[in-house]
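Hello,

Here is the structure I promised to pass on. My notes on its charged side chains follow below.

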Amino acid sequence: MRKSVTGISASCELLGELAEKHGGRAEKELIGGIMTACCELMRNAELSRALTAPVPEEQEFTVVRTDTFLRGFAESCQAAAGRRCTVKTGELSAFYVRTDRDTLRFLLLSFVRRHILGSESGNAEFTVECGENAKNIEIKITASGTFVDFDDFGQPDIFSGYPRQVCDGLAERAGAQAVLSDNCLSVVIPLSGSESALPVEAPEPLRERGFFDPFNVMLRDLSEGK
């Protein structure tokens with residue numbers, strides 16, 4: 001799937017260059033629509049891959065600094081979803097945890113996506129924060145606003161009918177436990193052991209995979225500019 005979508009996106013990039021020189025707004029909108037459709041294809045593929053992968057051992061995880069990771073998460077959500085989404089940061093403690101960063105992103109983004117789709121106003125506001133709780137780190141994302149009954153509205157992917165199962169599966173593969181309620185997702189990750197040696201291992205949470213990063217895959221089709 002990723003290979004095919006990458007080929008389509010490469011062709012779109014070339015078409016985009018031609019549109020800049022010879023085309024107009026309509027051509028650019030069509031190319032943007034193709035890229036958004038590619039993100040929709042990638043969403044199901046990436047979630048399927050994450051949920052069917054074996055549960056990693058702790059040594060297979062990378063080290064994530066919580067405050068930096070969550071600030072980057074908030075900024076990237078808003079960049080991908082446009083005006084459909086506002087993510088504020090509350091108290092962000094600086095701790096180091098071992099996790100699969102992309103799986104953790106997909107876990108948080110699944111919550112964000114579901115609440116944007118369920119928002120009565122078409123927009124959703126979130127607050128993300130983290131702190132220490134009994135030798136664990138608790139990441140909490142809370143949605144503000146009024147939402148329709150989540151059982152009643154349709155979502156264009158095969159995972160929408162099983163939000164708790166998806167949440168639990170992603171959390172397990174991120175080395176975490178998750179508690180999901182109507183307006184809050186709490187993710188608990190054990191603190192890493194020898195914390196003094198960890199900072200040198202922790203890469204910045206950059207959007208490493210370009211256009212098809214987890215944020216565009218999960219949120220681009222919701223953007224007003226699609």
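This is a predicted model: local features need pLDDT of at least 70, side-chain atom pairs count only at pLDDT 80 or more; totals for chains, interfaces and linings use all residues.

Residues are numbered from 1 along each chain as its sequence is written, and side-chain values use heavy atoms, with hydrogens and water left out.

Start with helix α2. Helices are DSSP runs of H or I with at least four residues, numbered from the N terminus. Glutamate 46 pairs with arginine 49 in a salt bridge, and their closest N and O atoms are 3.6 Å apart. Both residues sit in α2 (residues 25–52), three residues apart, about one turn of the helix. Glutamate 46 is buried, at 5% relative accessibility. Arginine 49 is partly exposed, at 42%. For these classes, buried means under 20% relative accessible area, exposed over 50%, and partly exposed in between (1.4 Å probe, protein chains only).

Next, aspartate 67. Its side chain forms a salt bridge with arginine 65, at 2.7 Å from N to O. Aspartate 67 also forms a salt bridge with arginine 71, at 3.4 Å from N to O. Aspartate 67 and arginine 71 are four residues apart in helix α3 (residues 66–81), so about one helical turn separates them. Aspartate 67 is buried, with a relative accessible area of 5%. Its two partners are listed here:

- Arginine 65 is partly exposed, at 33% relative accessibility.
- Arginine 71 is partly exposed, with a relative accessible area of 39%.

There is also a network. Salt bridges link Arg43, Arg113 and Asp221.

Now α3 itself. This helix has 16 residues and spans 22 Å from its first C-alpha to its last. That is close to the 22 Å expected at 1.5 Å a residue, the expected span being 1.5 Å times one less than the number of residues. Buried residues in α3 include Thr66, Asp67, Phe69, Leu70, Gly72 and Phe73. Also among them are Ala74, Ser76, Cys77, Ala80 and Ala81. Just after α3, glycine 82 has a positive phi of about 65 degrees.

Best wishes

Note on methods
A salt bridge is a side-chain nitrogen of Lys or Arg within 4 Å of a carboxyl oxygen of Asp or Glu. Helices (H or I, at least four residues) and strands (E, at least two) are DSSP runs, numbered from the N terminus.
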